[in-house]
Amino acid sequence: MRHEIWLAALTDELRRHGVGPDLAGHVVAEAAGHLRDSGEAPLRAFGPPDTYAAAVADSVGGPALARSVPAGPVRLRAVDITKRYGRRTVLSGVSLTVHAGQVAAVVGANGSGKSTFLGICAGLVGADAGRVELHGTVGYCPQAGGTADFLQAGEHFALIGAGRGVPREAAVRDGARRAAALDWAPGDAQARHLSGGTRQKLNLVLAGLGDPDVLLLDEPYQGFDRGTYLDFWHEVWRWRDAGRAVVVVTHLLNQLDRVDVVLDLSAGSSGVAA
Amino acid sequence: MDVDRRAQWLRGVLDLCVLGLLARGDSYGYELAQSLQATGLGAIQGGTLYPVLLRLQRSGLVTVYWREGGGGPARKYYRISPAGVGVLREASGQWAAFAGGVGAILSERTAR
């Protein structure tokens, strides 16, 4: 790999690993100097860009680990939610409170009611008992579906933007910016022609349009590659730092040390967020 | 020497070796790599060295500054901080005791 290509890839990977632009610039300049001085091939001296970026991120402590702002007012409060499908009780007395500036993860095995719980919070699914309070506007990203087959990405932005009081031009611009953060440049293809992963990017962009106060995300990264998956979590940290309340349904546990609240719906757990 | 074993040993002491070299004078990454190699510690790859330097920087044991190189672009120089000098002093005593212990056992075995 030529130096410039490797260095450009390193720049991208550092961003993906949450290394700020200043430090990333220094790391890249230093690596460039080392390669120039030593005459070594980048892969031999530093290894693959993503591996080296991960080592750098690890050395500087990773992104947004420290709480910079205290949690704000309550944005979502779900109390004693119970849901039955026929004779099967999916959720029994589940409670969750999320404040502005917090990220909550909803975890649990398949069939433990994670999506049902999120749907109840979003007001899309009725509960058999309990209550949900939402304070502010809501963005919801489903696991699949949620896009209109015959509309282009820009038309989705305009449509969802209109629903949230964002003018057409601003919504399209905002959508393109959010798409870029997920390494996606929306073209004029209709949604039905997009890959599954790209449709999920569209869903995620739509959830964030107009900066809703509460974001409810149901495993939104299906079909994402590793890099986009990291981009997704950076969007989550940005939302948190901007004072949003974020709820993420996930079966991947490696991000749990960086969330504020964990609600475990696995059988045998109390169903009350720690 | 067994390359894996050498790499393992180095992992435990590379930060101290870097501090030790910086105690002799300010330096930059590639020069440090060359000095380490010249000492007989073998080739240190950039991918190993720079994360160590970043950790030293983060923990305040070294400070950094950029200086124009001879005709080339600026280089990132590292300077040992007073805290770094303290850590180095303390660790060299501990290392001497540790290496002495290992040496005593190993030489006893080979002397038999």
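The expected span of a helix is taken as 1.5 Å times one less than its number of residues, and helices (H or I, at least four residues) and strands (E, at least two) are DSSP runs numbered from the N terminus. The structure is a predicted model, in which local features need pLDDT of at least 70 and side-chain atom pairs count only at pLDDT 80 or more, whereas totals for chains, interfaces and linings use all residues. Residues are numbered from 1 along each chain as its sequence is written, and chains are lettered from A and ligands numbered from 1 in the order in which they are written.

Helix α3 of chain B (residues 46-58) comprises 13 residues and reaches 18 Å from its first C-alpha to its last, close to the 18 Å expected at 1.5 Å a residue. Its buried residues (20 or more other C-beta atoms within 10 Å of the residue's own; exposed, 12 or fewer; partly exposed, in between; C-beta atoms placed from the backbone) include B:Leu49, B:Tyr50, B:Val52 and B:Leu53. Just after α3(B), B:Gly60 adopts a positive phi of about 75°. Helix α1 of chain B (residues 3-24) contains a kink of about 60° centred on B:Val13, the bend at a residue being the angle between axes fitted to the seven residues ending there and the seven starting there. Buried positions in α1(B) are B:Asp15, B:Val18, B:Leu19 and B:Leu22.

Chain A has nine helices and eight strands, and 41% of its 274 residues count as buried. Of the contacts in chain A (C-beta atoms, placed from the backbone, within 7 Å) with a separation of 6 or more, 72% are between residues 24 or more positions apart. A:Val28 lies in helix α2 of chain A (residues 21-38); this residue counts as partly exposed because it has 18 C-beta neighbours inside 10 Å. Neighbours within four places in sequence aside, A:Val28 is in contact with A:Leu7, A:Leu10 and A:Thr11. The C-alpha atoms of A:Val28 and A:Thr11 are 6.7 Å apart, at a sequence distance of 17 residues.

A nonpolar core is a set of buried Ala, Val, Leu, Ile, Met, Phe, Trp, Tyr and Cys residues joined through C-beta atoms within 7 Å. The largest such core has 57 residues, and those with the most contacts inside it are A:Val106 and A:Val247. A second, separate core of 33 residues includes A:Leu10, A:Val27, B:Leu56 and B:Val62.

The contact between the chains takes 18 residues from chain A and 14 residues from chain B. On the side of chain B that touches chain A, the largest share, seven residues, comes from α3(B).

Conventions: Two residues are in contact if their C-beta atoms, placed from the backbone, lie within 7 Å.
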